2 protein chains.
Amino acid sequence: MNIKAVIAVHGGAGSAGYFINEEHRQRYLNGLINAVNAGLEVAKQGNALDMVTEAVTTMEYDGSYDAGKGSVLNLYGEIEQDAGIMWGKDLSVGAVASVKHVINTIRLARLVMEKTDHVLITGNGAEELAKQFGLWVPYVELINENKINRYKSLVRNLRSRYEKNADLAKGFGLTGTVGAVALDRDGNLAAATSTGGTILKWPGRVGDSPLPGAGYWAENGICAVSATGIGEFIIRAMASLRVVTLVKNGIRLGDAVKQVVDYVTKMFGSGNIGLIAVDSSGNVASSFNTEVMGRAWSREGMNKVVVAHHPNDPFP
Amino acid sequence: MNIKAVIAVHGGAGSAGYFINEEHRQRYLNGLINAVNAGLEVAKQGNALDMVTEAVTTMEYDGSYDAGKGSVLNLYGEIEQDAGIMWGKDLSVGAVASVKHVINTIRLARLVMEKTDHVLITGNGAEELAKQFGLWVPYVELINENKINRYKSLVRNLRSRYEKNADLAKGFGLTGTVGAVALDRDGNLAAATSTGGTILKWPGRVGDSPLPGAGYWAENGICAVSATGIGEFIIRAMASLRVVTLVKNGIRLGDAVKQVVDYVTKMFGSGNIGLIAVDSSGNVASSFNTEVMGRAWSREGMNKVVVAHHPNDPFP
C-alpha cells in the first residue's frame, strides 16, 4: 500500500478561562505540535497504535494538560487518572481507571491490552501492573505547589459533597484531557485518550476517557475517534461509537462528528463535548460545543503541523 | 396508556458444569422466578427502573448467583463487584465497579445515577457513598467457607499471574452474572446488570457489567438489553448498544440479539456471551452462544413465569 500516515491530537475541550495567561496558552498549543511530530516520527517504523501512544505520552509528560504529570486533583486532593487505547485492526482495547502513581498512563493502558486478557483495570490492581511493568512512580512526581494552591482555593467554593462535581468542574473551565487518532501506512486505525478527570471529582469517579465507545473508538475501514469534555454526557451519548456508526452508514466524517456534537447539545446542553477523528481515507475532522478546543494534525509529506484553538481557526 | 408491564431476567450465561448438582440448578432457576415476580409486583406502583432494581436486588441477596452475596473471589481472594443501571426515558446511567462491602450493588449504582452527577464510581469512592446511603456491610457478609474452599482449590491451577485470567474463568464454568430488562405501564424501558465478575480475575479488573453500551442499555422507543458472559469480548463488541442500533434500524428484536451473538462468535469465538432484551412493544428475546443461560420472563396478566435454561427450552 502507498498510504501516507496521518495523526490528529487534542488537548481537551473547555472554556478559554482555563488559561492563566497567553504564555500558558502558547505552551498548551506548542505541546500539541510536539505530540503530532512525535506521532509522525514513529510512523516511519511503527503502526497507528505506536503513533497514538507516542503522541499521548508526549502530552502526559508535558505537564500543560489534565493528563499524566499535569493531572488535576480530585475532591480528596488526590490524583486519579483514566486512559484507554484501541487498535482498529482487531478491536483490541486496553484501559485503566483511578490510577495514582503513574505518569505514562496511556502506556499502562496499552500494556493491559497487550499483556493481560482484560480490557479495563482500575485502582490498586492497575498500579500493581504498573509496578511489574516499570511504570510506577512516587506520588510526588505528580504533585506540585500550583496544584495544591489551586485545590485549596477551589475547594472553598464547594458547597456539596457529591451532588454537583461535574457542574463545578465545568464552571472551573475544564480543559486538558488529551487524545490522539491515527492512520498508519498500512491503513490501520488507532485511538487513545488520557485524562486526570474533572477537578474535584468524587474519588473513584470514572469519566468517558477509559471507556471504549464513549471516550474513544477505532475500527479499521471506518474511522478512529477521541473525545473530551464532561465525561458523564459523553458516556450517555456513547459519542465515539456514535460517530463510527454514522460513518459506517455512509455519513462523511466531518458531518458525523458535527451530528454527534449536535446530538449531545440537544440532549444535554452545550459546553460539554469535543471530538477529533480520522477516517480510513486519511480525512481529519473535529467538532465541539465548548468555547475552545486545542487541536493539531499533520500528514506525512505535508511538512507542517496545523494547530487550532478557537472555533473559527482553520482546521478540517 | 394501557400497556402491560413486562420483565425479563437472566442469571448468567456459561457452562452446565457450573452447577454442583440438580438441587443447585433448581435453586438457581427458582431464583429467576422470584426475581421476575419481585419485578412484576413493583410494576403496580413503580416504573421500569423500580422493576429492574427489585429483580436484580432479589438475585443479589439470593446467593445462588455471581452477584451480591454470591459473588466469586478474585485472584487475591477478594470480592469485587460491578453493576450498572440505565433509565431509557432520559438515558440516565449509574454504575459502580470494584466494590467490596456491599450486597445490594445495583441499588448503589442507582444512587450514583440519582444522587450524584457522575455515571461510574469505582472502589473506595463507591464504598464511601455506600456508607452515606446505608448500603455498606461488613465484609464477612460476602464470604463463606464454600467460596474460600473453591478459591483454594482453583488457585492451584493458576499457572500465570495476569495473562490468562479470562480463559481460566471460562474453563471454570463461568455463570452467574445477573441482569434484568423491563417495560413499565407508561412505556418506559430500563436495564440493570450486576456481577461479581470472573473468578480469579486480576484485582481491579472491570468487565462489561458496569459499562453502558457493553453490559446494558435502555432507550425508550427502542429496547432495553442486559448482557452476560466474558466481559472483555462483550465490551469490544459493545454488545448491548449494538442490539439497540440494529432495532433502531428496523431489525426485529429476536433477530437483533441473534445477529449480535453471531457477530461476537464470528469475531471472538463461542462460549462468551448471552443477551436478554425487551422492546418498547413488550416483545422479549434472548440469545447466547454458551451451553446454558438461565432466563425468565413474564407480563402482567399472564399469570405465569416462563423459565428457561438450555438452548432448546421454550423462550421467546
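A pocket, on a 1 Å grid over the protein atoms alone, is an open set of points where a 1.4 Å probe fits, with protein on both sides within 12 Å along at least five of seven lines; lining residues have an atom within 4 Å of a point. This is a predicted model, in which local features need pLDDT of at least 70, side-chain atom pairs count only at pLDDT 80 or more, and totals for chains, interfaces and linings use all residues. Residues are numbered from 1 along each chain as its sequence is written, and chains are lettered from A in the order in which they are written.

Start with both chains. Chain A can be laid on chain B by a turn of 180° and a shift of 0.0 Å along the axis, with an RMSD of 0.0 Å (least squares on the C-alpha atoms of residues with pLDDT of at least 70 in both). The two copies are therefore related as by a two-fold rotation axis.

Next, select A:Thr122, A:Gly123, A:Asn124, B:Gly123 and B:Asn124. Of the 30 residues lining the largest pocket, these lie nearest its centre. The volume of this pocket is about 630 Å³, taken as the space filled by probe spheres set on the points.

Now show helix 4 (123-132) in chains A and B; each supplies at least two lining residues (helices are DSSP runs of H or I, at least four residues). Helix 4 of chain A gives the most, six residues.

Finally, select A:Val243. Leaving aside neighbours within four places in sequence, A:Val243 is in contact (heavy atoms within 4.5 Å) with residues including A:Cys223, A:Ala256 and A:Leu275.

Key
Side-chain values use heavy atoms; hydrogens and water are left out.
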